[in-house]
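Here are my comments on the model you sent over, point by point. Have the structure open while you read.

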Amino acid sequence: ALLAPAARPLAGRHALVTSGPTHEPIDPVRYIANRSSGKQGHAIAAALAALGARVTLVSGPVAQPDPPGVTVVRIETAREMLAACEGALPADIAVMAAAVADWRVAREAGQKLKKEPGAEAPSLMMTLNPDILATLSHHAQRPGLVVGFAAETEKVVEHAIAKRRRKGCDWIVANDVSGTVMGGDANTVHLITAAGVEDWPELPKGAVAERLAARIAAALA
Ligand code: CTP
Ligand code: CA
């Protein structure tokens with residue numbers, strides 16, 4: 001059955017969402033990763049689709065099922081995530097929930113690194129990855145509403161307010177990742193906008209996603 005237009009306030013809008021970790025290769029068999037499960041990002045993609053948006057979900061390697069009705073683009077590295085995001089533009093909404101690796105190994109080894117007898121353990125030389133949120137925030141085809149996340153383990157709101165300015169995004173969803181948030185089912189977040197800081201209660205990640213999607217729909221109405 002067709003839903004009434006009011007139930008699909010994001011009909012005709014394109015939303016770009018990132019989710020999950022990135023994997024940054026060391027050699028053909030090893031990589032650097034992080035604890036992101038993709039639960040929050042995938043739930044946001046599903047919630048935006050439920051409100052009628054056409055959703056492109058750019059995801060790192062996760063065990064989550066593809067949200068129904070969402071176009072999923074699978075990538076591994078931060079550089080692939082950036083290329084996939086730019087390739088998905090134009091978009092009305094961007095929500096960058098991925099835990100993008102800040103650094104990658106400067107020179108990926110073409111062959112598996114070997115333990116040579118008597119040799120020292122290798123040191124990894126790292127280099128900075130592109131910042132996808134900052135790039136989209138300053139893009140010629142900037143989405144109308146750009147929402148970032150801030151993963152913090154201390155001074156959560158203070159750091160997130162500074163991050164919002166630094167990245168040039170409209171909103172930041174700040175969360176304290178010092179506990180069981182990464183991989184867990186619940187999230188306690190603060191929504192930081194130009195108007196100030198909203199403290200949300202602890203909610204299941206699906207409920208955080210629905211509340212954020214409703215706020216996005218209201219902001220675009
Ligand atoms: N992000 C991104 N590209 C990166 C790093 C982060 O797009 N290379 C995005 C994340 O998806 C998130 C936001 O930027 O929406 C903030 O990520 P976070 O790791 O909290 O902040 P950083 O700017 O990387 O700073 P730090 O890790 O030092 O706190
Ligand atoms: Ca980071």
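1. Start with A98 and ligand 1. A backbone N or O atom of A98 comes within 2.7 Å of an oxygen atom of the ligand. Keep in mind that this is a predicted model, so the distance is computed from predicted coordinates. A98 itself belongs to the loop that runs between strand 6 and strand 7.

2. Is A98 buried or exposed? It counts as buried, because its relative accessibility is 16% and the cut-off for buried is under 20%. Have a look at what it packs against, too: leaving out residues up to four places away in sequence, A98 touches T18, S19, G20 and M81.

3. P130 uses its backbone instead, with a polar atom 2.8 Å from a nitrogen atom of ligand 1.

4. The loop between strand 6 (93-96) and strand 7 (103-105) also holds D102. Which ion does D102 coordinate? That would be the calcium ion, ligand 2, and the entry for this site reads D102 (OD) and D102 (OD), at 2.5 Å. Water is not among the atoms here, so the site may look incomplete.

5. Now to T22, in the loop between strand 1 (14-19) and strand 2 (24-27). Why is T22 called buried? Because its relative accessible area is 0%. One is the side chain of E24, in a polar contact of 2.9 Å. Another is the backbone nitrogen of A101, which lies 3.0 Å from a polar atom of the T22 side chain.

6. The neighbours of T22 come from several stretches of the chain. Not counting residues up to four places away in sequence, T22 touches I32, A33 and N34, then E76, T77, A78 and M81, and finally A99, V100 and A101.

7. You'll find it in the loop between strand 3 (30-32) and helix 1 (39-50). N34 is partly exposed, because its relative accessible area is 29%, and that class lies between 20% and 50%. With residues up to four places away in sequence set aside, it touches P21, T22, A99 and M182.

8. What does the side chain of N34 reach at 2.9 Å? The backbone oxygen of A99. A polar atom of the N34 side chain is also 3.0 Å from the backbone nitrogen of S36. As for A151, 117 residues away along the chain, its C-alpha atom is 12 Å from that of N34.

9. Last, the aromatic rings. The count of aromatic pairs comes to zero. Arginines do sit over tryptophan rings, though. The charged end of R211 is over the ring of W200, 4.6 Å from its centre, and R215 lies over the face of W171, at 5.6 Å from the ring centre.

How values were computed. Residues are numbered from 1 along each chain as its sequence is written. Chains are lettered from A and ligands numbered from 1 in the order in which they are written. This is a predicted model: local features need pLDDT of at least 70, side-chain atom pairs count only at pLDDT 80 or more; totals for chains, interfaces and linings use all residues. Side-chain values use heavy atoms; hydrogens and water are left out. Helices (H or I, at least four residues) and strands (E, at least two) are DSSP runs, numbered from the N terminus. Buried means under 20% relative accessible area, exposed over 50%, partly exposed in between (1.4 Å probe, protein chains only). A polar contact is a pair of N or O atoms within 3.5 Å; within protein, one must be able to donate a hydrogen and the other to accept it, and residues adjacent in sequence count only if both atoms are side-chain atoms. Contact means heavy atoms within 4.5 Å. Rings of Phe, Tyr and Trp (its six-membered ring) pair if their centres lie within 6.5 Å; planes under 30 degrees apart count as stacked, over 60 as edge-to-face and the rest as tilted. A charge sits over a ring if NZ of Lys or CZ of Arg is within 6 Å of the ring centre and within 35 degrees of the ring normal. Donors are N, O and S atoms within 2.8 Å of the metal (3.2 Å for Na, K and Ca); water is not among the atoms, so sites may look incomplete.
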